[in-house]
Structures are given as C-alpha cells and as structure tokens.
Amino acid sequence: MGSCCWKVSGSPYPELSSRPDSSPVPWGENRGPGRALGIPGHETRSTEALCWAAGDRLFGAGLGGDISEYDLEKLRVKYSLDGFGGPIWSMAADPSGTELAVGCEDGSVKLFQVLPDKIQFERSLDRQKGRVMSLSWHPSGTRIAVGSIDLLRVFDVKSGHAIQRILVDRRLQGLYSRECIVWSVAFLSNGTIVSSDSVGKVQFWDSEKGTLLETHPEEDSIVVGTSEGAVYQFQLLPVKWGSAESKWVRTKPFQHHTHDVRAVAHSATALISGGLDAQLVIRPLMEKMHGKGYDAALRKFTFPHRRLVSCAKKAGLLLFQFPQHLELWRLGATNSAGKDGDILPVSRAPEHLLQLKSKALADAVRQEPCATGLFSRSPAASRCTALPHGHVCCRAPLGSAEAVYLLAASADGDWLAAAGGDWEINIYSLRQFKPLPDDATPLMNQTTLKQLSEKARRGYAHAFKICKKYQPLLFVDLLEEGSLVVVERPLMDIKIQLPPPVQQKKFGT
C-alpha cells in the first residue's frame with residue numbers, strides 16, 4: 001500500500017501531489033478549477049513530503065534533511081531550514097495550521113512553529129527506534145499517530161511521550177518474516193487509527209487499547225493508493241438495509257495508474273491520486289458517478305512549464321534541451337503538395353546534426369528558470385521582457401502577481417504572448433490593435449465548421465484553427481514559408497523511461 005487519507009468535512013487545505021522529478025505541483029479549488037503550478041525540482045533534492053499550513057502556505061521536505069517553504073507567486077523555494085534529524089520521510093500540519101510535525105530518519109518527531117514569515121524549531125517528541133515513515137495529527141491537535149517499521153506509536157503532544165505502542169503484523173514467507181513498513185496513517189476523530197503498509201493491508205486500530213477493531217467513526221470514507229497502481233475507496237456502510245450497525249467495505253479498485261501511487265486526497269465529490277507515472281487522476285465518488293467506464297476519470301499530464309524546444313525558422317533547425325545535453329536536428333522536407341488535412345510523404349528525413357554535453361551546459365540547465373528573466377528572440381525583443389515577479393514590461397509594466405514562465409513574440413514583431421502561473425495566456429499588441437475572439441465567441445474545429453452552411457460558417461469565423469489529431473504537444477511554431485512544425489511527446493515514451501512498478505501481481509501467484 002502506498003498512501004491513505006480520509007474525508008474531513010470543511011478542510012481548509014487544498015489537495016496536492018508530487019512529480020517524480022522532485023518538483024512539487026500545488027493544486028486546489030481555491031486557485032481556480034483546472035489550474036496547476038509547477039515549481040522546478042533539482043536532481044539533488046528528493047521531495048518526500050508536502051503539506052499546507054496557515055491557510056495557503058506550502059511546505060516541503062525530503063531526504064536532504066531540509067524543510068522548505070515555497071513562494072507560490074515566483075514559483076521557487078522561499079527559504080530552507082535544517083530539520084535536525086537527518087533525512088525527512090513525513091510531515092503534517094496540525095489542524096490549526098500553526099505547527100508542523102516532521103518525521104525523521106533518526107526516529108524523532110520534530111515540532112516547528114509556523115510564524116508569519118518563517119518557521120521556527122520548537123521541540124522534539126521522545127526519540128524512538130526506527131525511521132518515522134508516516135504521521136498524522138488527531139483532529140483535536142493533542143495526539144500524533146506515527147508509523148515506522150513494524151510499529152505504530154501514539155504520542156501525547158503536550159508531554160512529548162509515547163502513550164501507545166502497536167506491533168503491526170508481519171506476513172511470513174517460508175522461514176523468514178518480511179519487515180512491514182507503515183507507509184501511511186490517518187488519525188480519525190473518535191481515536192481510530194487507519195494504517196496502510198508494505199504488506200498490502202489496510203487496518204483499523206483502537207488507539208487507546210492498541211487492538212484491531214471494527215469501528216463506527218463520524219468519517220465515512222477513506223481512499224488508499226497501492227504500489228500496483230490501484231486506488232481503493234473504503235466506505236462505512238450499513239450491514240443491511242435499515243440497520244444501525246455498519247462496517248467498512250472496500251470498493252472495486254480503480255486501476256488508472258501504471259505505477260506506484262504516491263499521493264492521494266479526498267474531496268467532497270472525488271478521489272484524487274498521483275504517482276510515479278506522472279498522472280494526476282480525479283475520479284468521481286461512486287455515488288457521484290454517471291458513467292462507470294475507464295474514461296470516467298479525469299487525467300492530467302503535467303509537462304514542463306518552460307520551453308524545451310527552439311526553432312530556427314529560416315534554417316529549418318530544431319534545438320532540444322535535455323537535462324544534461326542539447327540536441328540539434330534539421331527538419332525533414334517533402335516535395336509533394338496536398339490539401340488541408342493530408343499527410344504528405346517525406347522526401348528528406350529529419351537529420352541529427354549535433355549533441356552538445358558539457359559541464360557548463362549542465363550548470364546552466366540546473367538553474368531554476370523562474371529565478372531569471374525570459375527574453376523573446378524576435379524584432380520585438382528590444383521592447384519586451386518578462387520578469388520573474390510576473391510583469392511583462394512592454395513600454396509600461398503590465399500583468400499580474402503570478403510568475404511568467406512562457407513568452408513568445410510573433411515573427412513580424414506585432415504580437416506578444418505571455419503565459420503565467422494563473423493559467424492564462426495574455427496577448428499584447430506591440431504596434432496596433434487587431435480584434436481577437438472574446439469569451440463569448442464559440443471556437444469550432446475545422447470538421448465542425450465544414451458541416452455548416454457557408455453563411456453560418458462566416459458567422460463563426462475566427463482567427464484560430466483547431467486540430468485535435470496530435471498526441472500531447474511539447475512545441476508548436478510557424479516556419480517562414482507558412483508551414484507548421486509540431487513536436488509531439490507520446491505518453492508511452494514517458495512511461496517506458498519510468499522505473500518498474502514496485503510490485504506486480506503475476507497470474508497464478
């Protein structure tokens with residue numbers, strides 16, 4: 001089992017997930033529907049834990065041993081502080097959002113006070129043997145449940161002492177027992193502790209007696225992610241119609257992931273999960289679902305929030321930026337002509353011209369792009385610059401408080417497009433105004449337009465052409481001769497580069 005959480009009515013904190021490249025991705029209703037922000041990661045940083053505190057402040061921690069607060073406008077680390085306990089495996093904020101509990105490699109749980117402009121070390125709970133893999137605050141804020149290897153513990157926050165020690169069962173394999181890692185815990189309001197572990201069990205414990213139980217908490221739904229890519233929902237349902245007695249029932253697994261599910265969240269209407277396959281999946285709750293097929297879930301794939309491909313239009317060259325090297329390619333060509341929508345034969349295949357790998361390049365790539373200005377190479381470049389604080393300087397400062405992470409100018413220098421963390425694309429006229437569709441203008445694709453009469457087609461005419469025949473796009477640009485160059489990023493190419501799933505069941509075992 002990878003992770004678990006439970007539904008709490010009126011929770012002030014939005015859901016979040018983490019990408020495999022150690023870069024956190026904030027996500028939540030209070031930042032607008034369908035919006036995501038990307039904070040650049042680093043190959044030397046491993047983000048193992050993320051949490052919200054004090055309303056809308058995001059904190060992260062990992063195996064480097066530091067706790068960081070993120071600047072959600074400039075999309076970078078605001079500051080970092082040593083956790084004083086070695087690598088950090090888990091972190092959670094108390095119900096009031098004023099205190100952080102951090103689980104460390106050395107077996108300690110550290111408490112940090114959340115101040116207006118920083119966090120400050122407060123004290124440590126009694127140090128125990130074994131790394132702290134998971135932790136959860138009781139809704140009252142007076143106790144903390146801690147999961148480690150083979151054990152669950154309950155701490156009294158005021159005294160700092162462990163008041164309960166629960167041995168988690170191991171699964172015997174032949175003559176040897178396998179250690180059981182408690183990957184996730186959830187502390188319910190009635191004192192029940194829910195744990196998910198590496199053996200594959202979800203268990204409900206009485207925190208006072210330290211025993212397994214069937215319970216009747218006020219919370220009625222729990223979501224659990226597994227190392228096999230499955231997501232389960234546990235619901236507290238009546239044993240029979242009209243009965244006051246209830247029991248926890250596991251639903252059919254949702255198999256929307258191909259790899260380990262590393263993060264789950266529970267909203268009032270949906271289950272949200274994210275994992276090593278780089279997918280964020282939003283699945284309606286069983287009672288909210290209208291369709292039951294594979295497509296009932298919303299998937300979001302997060303691509304880099306900066307340009308990784310550049311095009312030299314006149315020369316017909318493409319430059320690709322990889323983490324440790326650059327590649328230069330010459331575009332292919334065709335001698336044929338056709339009508340709109342035709343696929344033309346290639347008379348000259350694309351040619352790989354150069355691969356450049358050096359220490360200087362690697363150092364430049366590691367820099368966080370949000371900490372530098374963005375410049376557009378075009379006739380408009382002398383007039384326009386995007387700054388990290390979210391302004392586009394175009395003779396006069398314009399824009400919002402959000403960071404600008406993409407900037408492009410038209411080839412003729414008349415137009416400037418800027419994309420920021422607010423998920424909006426703003427288009428600026430650099431010379432004179434040309435009207436574009438407003439929010440009320442319906443944008444139809446070419447197939448739909450062709451089905452209309454010529455008179456109706458003129459009524460829906462707009463400046464855009466919409467085509468949905470491509471796979472996920474990494475880059476699009478117009479060439480000098482009026483043709484379009486498109487770089488696809490097939491999702492299967494991403495998946496084959498991922499590590500194998502943590503565990504895969506085989507037929508007959």
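Biologist: Buried means under 20% relative accessible area, exposed means over 50%, and partly exposed is in between (1.4 Å probe, protein chains only). What relative accessible area does Arg262 have?

Modeller: Arg262 has a relative accessible area of 43%, and is therefore partly exposed. Please note that this is a predicted model, in which local features need pLDDT of at least 70 and side-chain atom pairs count only at pLDDT 80 or more, while totals for chains, interfaces and linings use all residues. Residues are numbered from 1 along each chain as its sequence is written, and side-chain values use heavy atoms, with hydrogens and water left out.

Biologist: With which residue does Arg262 form a salt bridge?

Modeller: Its partner is Glu48, and the closest N and O atoms are 3.3 Å apart. A salt bridge here is a side-chain nitrogen of Lys or Arg within 4 Å of a carboxyl oxygen of Asp or Glu. Glu48 belongs to strand S4 (residues 47-53) and Arg262 to strand S25 (residues 261-266), so the pair ties together parts that are 214 residues apart in sequence. Glu48 is partly exposed as well, at 25%.

Biologist: How are those strands assigned?

Modeller: They are DSSP runs numbered from the N terminus: helices are H or I with at least four residues, and strands are E with at least two. On that basis the protein has four helices and 40 strands.

Biologist: How many salt bridges are there?

Modeller: The count comes to seven salt bridges. One of them joins Arg57 to Glu69, with the closest N and O atoms 2.7 Å apart. Arg57 is in strand S5 (residues 57-62) and Glu69 in strand S6 (residues 66-71), so this pair links parts that are 12 residues apart in sequence.

Biologist: Are Arg57 and Glu69 buried or exposed?

Modeller: Arg57 is buried, at 13% relative accessible area, and Glu69 is buried, at 2%. Glu69 also forms a salt bridge with Lys78, where the closest N and O atoms are 3.8 Å apart. Lys78 is partly exposed, at 46%. Through shared partners, the salt bridges join Arg57, Glu69 and Lys78 into one network.

Biologist: Turning to the rings, how many aromatic pairs are there?

Modeller: There are three aromatic pairs. Rings of Phe, Tyr and Trp (its six-membered ring) pair if their centres lie within 6.5 Å; planes under 30 degrees apart count as stacked, over 60 as edge-to-face and the rest as tilted. Phe112 and Phe121 form an edge-to-face pair, at 5.5 Å centre to centre with 70° between the planes. Phe112 is buried, at 0%, whereas Phe121 is partly exposed, at 34%.

Biologist: And which way do Phe204 and Trp248 pair?

Modeller: Their ring centres are 5.0 Å apart and their planes are at 20°, so the pair is stacked. Phe204 sits in strand S20 (residues 202-206) and Trp248 in strand S24 (residues 246-250), so the pair connects parts that are 44 residues apart in sequence. Phe204 and Trp248 are both buried.

Biologist: Which residues form the aromatic cluster?

Modeller: Phe84, Phe112 and Phe121 form one aromatic cluster.

Biologist: What lies over the face of Phe254?

Modeller: Arg283 does, at 4.2 Å from the ring centre. A charge sits over a ring if NZ of Lys or CZ of Arg is within 6 Å of the ring centre and within 35 degrees of the ring normal.

Biologist: Next, the cysteines. How many disulfides does the structure hold?

Modeller: The structure holds zero disulfides, a disulfide being a pair of cysteine sulfur atoms within 2.5 Å. Cys104 is buried, at 0%, and Cys311 counts as buried, at 19%. Cys467, at 44%, is partly exposed, and lies in the loop between helix H3 (454-459) and strand S39 (473-478).

Biologist: Finally, what share of the protein is buried?

Modeller: Buried residues make up 44% of the 509 residues. The protein exposes about 27,800 Å², of which carbon and sulfur atoms supply 54%; accessible areas come from the Shrake-Rupley method with a 1.4 Å probe, and for residues only the protein chains shown count as cover.
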